[in-house]
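Try each task before you read its solution.

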Amino acid sequence: MKKQNADKLHSTGASAQPRGMSLLTDALRNKGTAFSEAERDALGLRGLLPPRVFTLEEQKQRALGNLRRKPTNLEKYIYLTTLQTRNETLFYRVLQDHIEEMMPLVYTPTVGQACLEYGSIFRRPRGLFISIRERGRIAEILRHWPIADVRMIVVTDGERILGLGDLGALGMGIPVGKLSLYTACAGVHPGYCLPITLDVGTDNDTLRNDPFYIGLNQKRVRGPEYDEFLDEFVAAVKTVFPRALLQWEDFGNTNAFRLLASNRSKICSFNDDIQGTASVALAGLLGAHRITGGSIEKQRILFLGAGEAGTGIADLFVTAAMDAGLTEAQARACCWFVDSEGLVVKNRKGRPLAHHKIPYAHDHAPIATLAEAVEALKPTALIGVSSQARAFTEPIVRRMAALNKHPVIFALSNPTAKAECTAEEAYQWTDGRVVFASGSPFDPVKLGERTFVPGQGNNVYIFPGVGLGALACGATEVTDRMFLTAARTLASMVGEEDLAKGRVYPALTRIRAVSLAIAVEVAKEAHKEGLATLPKPADLEADIRQSMFEPVYQDCL
Ligand SMILES: O=C([O-])CC(=O)C(=O)O
Ligand SMILES: [Mg+2]
């Protein structure tokens with residue numbers, strides 16, 4: 001293990017062993033008070049640290065104490081971010097060993113609040129900000145990143161940050177958080193990870209009127225100028241970081257679909273909100289069948305929200321349903337959408353339907369509201385991807401419970417405040433018969449004698465494993481079938497003990513095993529599809545497992 005991590009550091013292109021104060025400010029190598037006596041002498045550290053030498057475990061306990069004393073989740077986020085900038089090994093030790101406690105702090109919901117306040121909590125820079133003013137210079141800026149061998153990039157333009165809307169440059173919290181999870185959940189070496197925010201302006205007037213806003217104070221650039229900027233970005237990434245996988249994150253609907261379609265065969269890339277969310281939701285539906293006794297081809301799914309997540313889920317569902325024997329038309333007929341203008345139907349009056357909704361515009365009389373759509377369609381599952389808080393009202397949820405013995409209700413919008421209903425509401429209004437999942441975590445719910453532990457239907461179960469698998473085999477593309485494989489693998493890891501608690505996902509404490517299993521299956525799929533550029537090792541699982549970063553200190557001598 002020691003050697004493995006040392007090799008990784010070397011292969012990330014990090015320079016020779018720093019000494020003294022530069023070593024203490026090198027977060028990938030810093031051990032703080034855990035530098036040994038011999039290291040302190042050999043590396044010019046004597047006097048720069050207090051005399052007592054601590055173990056990583058002792059440092060972790062101290063960090064946990066400090067963290068838990070912080071009065072608010074935002075303060076905890078700031079503490080953890082500061083720890084990450086100081087000592088990555090300790091940061092990931094804390095994260096990995098206490099993932100259920102840490103995930104809501106470094107990720108949804110707290111990361112949403114952190115983004116809203118990113119300007120005022122900004123301490124040390126993390127990641128690259130590339131603004132539209134830097135057109136023509138993107139490759140040069142990428143080269144400013146101190147590590148040459150970047151493998152994993154998460155990029156946003158901040159237009160649709162979680163369900164919070166356009167946060168412009170403040171969106172940087174999202175790529176930063178996602179990449180922390182790549183390391184904590186799938187062992188992608190932190191040195192390989194690069195968060196990027198493209199700043200093309202913002203249409204959020206509150207931000208533009210804020211004298212302390214950290215981004216460009218201008219309206220969003222759209223049209224050919226935007227496209228040229230994005231083309232230059234993709235080309236620059238390919239030149240400067242040829243081995244990198246690119247994850248598109250939290251772009252607005254129009255750009256998200258276009259960018260994925262036009263780039264997925266040009267650069268190894270995927271869109272987490274379309275494909276990652278699709279995969280986790282499909283896994284949840286597959287898991288739900290084990291409770292409801294249903295099967296994929298008998299579903300009637302009603303989505304609230306027809307954006308990236310909704311049609312992403314439906315598209316992957318269609319692929320799975322066709323594998324189960326349905327025709328494409330039959331499979332699409334299982335999926336219905338309600339958007340801001342009512343039920344998505346053929347020949348709907350008003351604005352023309354966006355391209356991605358057309359396959360789901362069925363022949364039906366117009367319907368204005370979700371409640372009426374539930375009445376008319378009698379769905380087996382209701383999936384919320386609308387960013388409309390509390391849109392699953394009591395009458396709607398009760399109606400779902402009257403129509404189904406075990407209604408499936410997923411409230412996937414993030415952060416928690418945007419969820420379509422709470423876990424407590426879902427269980428209460430269905431007398432505990434619901435199969436519930438949410439994008440952001442909810443605490444367990446007690447109903448009489450029974451305690452339900454709602455699953456977190458969040459793409460964090462998917463993207464780290466998919467990324468790890470794609471990197472492990474040198475995939476040239478990330479395909480939809482890889483996300484289907486990932487969904488099936490995730491669903492297969494849901495145990496009877498999870499289902500007994502009402503959870504259609506494995507516990508988060510198993511996330512590294514989940515990511516590894518997904519990575520193995522994704523790499524196998526890449527080999528099958530002829531998209532792997534690295535030779536297939538005799539033992540794929542052992543090969544990937546040994547490549548995973550473990551937060552332990554290396555001997556610096
Ligand atoms: O970040 C999350 O929690 C899930 C996600 O991709 C989103 O909501 O955009
Ligand atoms: Mg997202």
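**Exercise 1. Placing Asp273**

In which helix is the place of Asp273? Then decide whether Asp273 is buried or exposed, and list its contacts beyond its sequence neighbours.

*Solution.* Keep in mind from the start that this is a predicted model.

Step 1: Asp273 belongs to helix H15, which covers residues 272-292.

Step 2: There are 25 other C-beta atoms within 10 Å of Asp273, and a residue with 20 or more is buried, so Asp273 is buried.

Step 3: Setting aside residues within four places in sequence, the contacts of Asp273 are Glu249, Asp250, Ala256, Glu308 and Ala309.

**Exercise 2. The annotated binding site**

Find the residues that UniProt lists under "binding site", and then describe the surroundings of Glu249.

*Solution.* Step 1: An unreviewed UniProt entry gives this feature at Glu249, Asp250 and Asp273. These residues are spread over 25 residues of sequence, yet they cluster in space, with a largest C-alpha distance of 6.7 Å.

Step 1: Glu249 sits in the loop that lies between strand E4 (245-248) and helix H14 (253-263).

Step 2: Glu249 is buried, because 29 other C-beta atoms lie within 10 Å.

Step 3: Leaving out neighbours within four places in sequence, Glu249 is in contact with Val154, Val155, Thr156, Ile174, Pro175, Lys178, Asp272 and Asp273.

**Exercise 3. The annotated active site**

Which residues does UniProt give for the feature "active site"? Work out where each one is placed and what it touches.

*Solution.* Step 1: The unreviewed UniProt entry names Tyr107 and Lys178. They are spread over 72 residues of sequence but cluster in space, the largest C-alpha distance being 7.5 Å.

Step 1: Look for Tyr107 in the loop between helix H7 (99-106) and helix H8 (110-116). Tyr107 counts as buried, because it has 27 C-beta neighbours inside 10 Å. Apart from residues within four places in sequence, Tyr107 is in contact with Gly177, Leu181 and Val460.

Step 2: Lys178 lies in helix H11, residues 173-186. Since 27 other C-beta atoms lie within 10 Å, Lys178 is buried. With neighbours within four places in sequence left aside, Lys178 is in contact with Val154, Gln247 and Glu249.

Step 3: Now connect the two annotations.

**Exercise 4. Around ligand 1**

Which residues are around ligand 1, and how do they divide into nonpolar, polar and charged?

*Solution.* Step 1: The residues around ligand 1 are Thr108, Leu162, Asp250, Asp272, Asp273, Asn414, Gly439, Asn458 and Asn459.

Step 1: This shell divides into 1 nonpolar, 5 polar and 3 charged residues.

**Exercise 5. Strand E4 and its partners**

Trace how strand E4 pairs with E2 and E5, and say which way its side chains point.

*Solution.* Step 1: Strand E2 (residues 152-156) runs parallel to E4 and is joined to it by 4 bridges. Here Met152 stands opposite Leu245 of E4.

Step 1: E4 also pairs in the parallel sense with strand E5 (residues 269-271), over 3 bridges. Gln247 stands opposite Phe270 in E5. Between E4 and E5 the chain passes through H14, making a right-handed β-α-β crossover.

Step 2: Leu245 and Gln247 point one way from E4, while Leu246 and Trp248 point the other way, and all are buried.

Key:
Residues are numbered from 1 along each chain as its sequence is written. Chains are lettered from A and ligands numbered from 1 in the order in which they are written. This is a predicted model: local features need pLDDT of at least 70, side-chain atom pairs count only at pLDDT 80 or more; totals for chains, interfaces and linings use all residues. UniProt positions are given in the numbering used here, feature names are shortened, and annotations may be inferred rather than shown by experiment. Helices (H or I, at least four residues) and strands (E, at least two) are DSSP runs, numbered from the N terminus. A residue is buried if 20 or more other C-beta atoms lie within 10 Å of its own, exposed if 12 or fewer, and partly exposed in between; C-beta atoms are placed from the backbone. Two residues are in contact if their C-beta atoms, placed from the backbone, lie within 7 Å. A residue is near a molecule or strand if its C-beta atom, placed from the backbone, lies within 6 Å of it. Ala, Val, Leu, Ile, Met, Phe, Trp, Tyr, Cys and Pro count as nonpolar, Asp, Glu, Lys and Arg as charged, and the others, Gly among them, as polar. Two strands pair if DSSP finds at least two bridges between them. A crossover is right-handed if, with the strands pointing away from the viewer, the path from the first strand over the helix to the second runs clockwise.
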